[in-house]
Amino acid sequence: MTTVTGGLNSGRQRGQGVPVIGIIGSDGDLGRRVRLDLDVDQLLLIDRHNRDQLESYLPQLELALVFTPPDTHASYLEMLSSAGVPRILCEKPLPVTPQLQDPGRVRIIDHYLFKQDAQVCRDHFQRRRADIDQISLSLCESKPERRSWMWSRAAYGGVILDLAHHLVALLGFMSGEYQTLSAITDLSVDQVRFFSHPDPAESAAVITASWAGIRLTLNVAKAGHDDKGVTFRYRDGTEQRVDLSDRVNYQQILLAGGSDEPSPLLAFSDAVLINRFLTRLLQEIEPHV
């Protein structure tokens, strides 16, 4: 892997020679982790404090990966789309919907959908849909939270837009149609806690709803335990649990982003539907805070 930090020496333009992939937010925890996974020939690393530098290299990018804080996603997507970057992948969520010249160039990453366990959930749902009475989805983490934007709901929803996104996206992924999120009814929340300081990093919400005749429970928390999984309960009283603890390799996500084949990457329109539901959820939570 050739790593180019802060500049490119070749003067290569888009479409000539080795494709150039840009990682925007390469200085963050996620950006550093992703760089360890990738095996590419030319990598342009841009930290989130050096936006002007990115502008000078836009004509050379074949693909851009955006791993900056959520409140910057819309502006980066608008910049990259306006510059004509052919393929743009952005880590979820989209708390503010960007205005894009060509939404078809943009896809959103929810890395939980690339877990093998997520595909197990989808296969199981598709096979036994008629037998399912209730689905419980949990994403609770005990590790300390270092991302400042997660510390309160004022920072684009905190854990609701971050952790709950995985579970809501998984529902759309299992059904194969994100439009079904618009049909969720009887939405209710309980046990809501937000935090304003990273120590202790603690926040939680238990969300219940109805989805196409199935009862839903979504448990989202930054608390004192780990619980990542989906439990399917059947009309005969039995149940089956699928863990969501396997690791994601971002090389797989990069390969999906460079291909026109179907993948768990979210179309821009699907990501907007997810965030529309999460915004509705935040409005439901607000009276409890």
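Author: Two strands are taken to pair if DSSP finds at least two bridges between them; helices (H or I, at least four residues) and strands (E, at least two) are DSSP runs, numbered from the N terminus. The model is predicted: local features need pLDDT of at least 70, side-chain atom pairs count only at pLDDT 80 or more, and totals for chains, interfaces and linings use all residues. Residues are numbered from 1 along each chain as its sequence is written, and side-chain values use heavy atoms, with hydrogens and water left out.

On these terms, 6 strands make up an open sheet of mixed pairing, ordered β8-β9-β10-β7-β11-β12. Its edges are β8 (185–193) and β12 (239–243); each has a single partner strand, so one side of each lacks a neighbour in the sheet. From one strand to the next, the twist averages 10°, where axes are lines fitted to C-alpha atoms, for helices over the stretch in contact, and angles run from 0 to 180 degrees between N-to-C directions.

Ser188 has Thr208 in β9 as its bridge partner.

Helix α5 touches β7 (132–141), β9, β10 (214–222) and β11 (227–234), and its direction makes about 150° with that of β10. Helix α7 (residues 268–285) touches β8 and β9, its direction making about 60° with that of β8.

Within α5 (residues 159–175) lies Ser175. Leaving aside neighbours within four places in sequence, Ser175 is in contact with Phe125, Gln126, Thr180 and Trp211.

How values were computed: Contact = heavy atoms within 4.5 Å.
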